[in-house]
Amino acid sequence: MATYQLDITAEHCPMTFVKTKLKLAQLAAGDQLEVLLTAGEPLQNVPKSATEQGFKVTDIRHVAGNIHQVTIEK
């Protein structure tokens, strides 16, 4: 199992989940993706969309300021 990072703090919906999904497609089953994103729509939509697509959201944490990290397991 490997862990990868993706910074989508400069992106806006719907590109936040599009970029997340494209990165998840490159990973092997069991790998984790740590996604850095901003509060608001991205923080609401990325975990929800990941779960709806069959991925497991294992952690959501505040990093600093407006930035959060969502950990998704493929």
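The structure is a predicted model, in which local features need pLDDT of at least 70 and side-chain atom pairs count only at pLDDT 80 or more, while totals for chains, interfaces and linings use all residues. Residues are numbered from 1 along each chain as its sequence is written, and side-chain values use heavy atoms, with hydrogens and water left out.

**Exercise 1.** Find how many salt bridges the whole structure holds, and say which residues form them.

*Solution.* Begin with the criterion, which asks for a side-chain nitrogen of Lys or Arg within 4 Å of a carboxyl oxygen of Asp or Glu. Searching the whole structure with this rule gives three salt bridges. One joins the side chains of Glu-11 and Lys-19, with an N to O distance of 3.1 Å. Another pairs Arg-61 with Asp-59, whose closest N and O atoms are 2.6 Å apart, and Glu-52 pairs with Lys-48 at 3.8 Å between the closest N and O atoms. For this last pair, both residues lie in helix α2 (residues 41–52), four residues apart, which is about one turn of the helix; helices here are DSSP runs of H or I with at least four residues, strands are runs of E with at least two, and both are numbered from the N terminus.

**Exercise 2.** Decide whether Glu-52 and Glu-11 are buried, partly exposed or exposed.

*Solution.* Buried means under 20% relative accessible area, exposed means over 50%, and partly exposed lies in between (1.4 Å probe, protein chains only). Glu-52 has 57% relative accessibility and so counts as exposed, whereas Glu-11, at 23%, counts as partly exposed.

**Exercise 3.** Describe where Ala-50 is found and which residues it contacts beyond its neighbours within four places in sequence.

*Solution.* Ala-50 is found in helix α2 and, because its relative accessibility is 0%, counts as buried. Taking contact as heavy atoms within 4.5 Å, and leaving aside neighbours within four places in sequence, Ala-50 touches Phe-17, Phe-55, Val-57 and Ile-72. Phe-17 is 33 residues away along the chain, yet the C-alpha atoms of Ala-50 and Phe-17 are separated by 7.8 Å.
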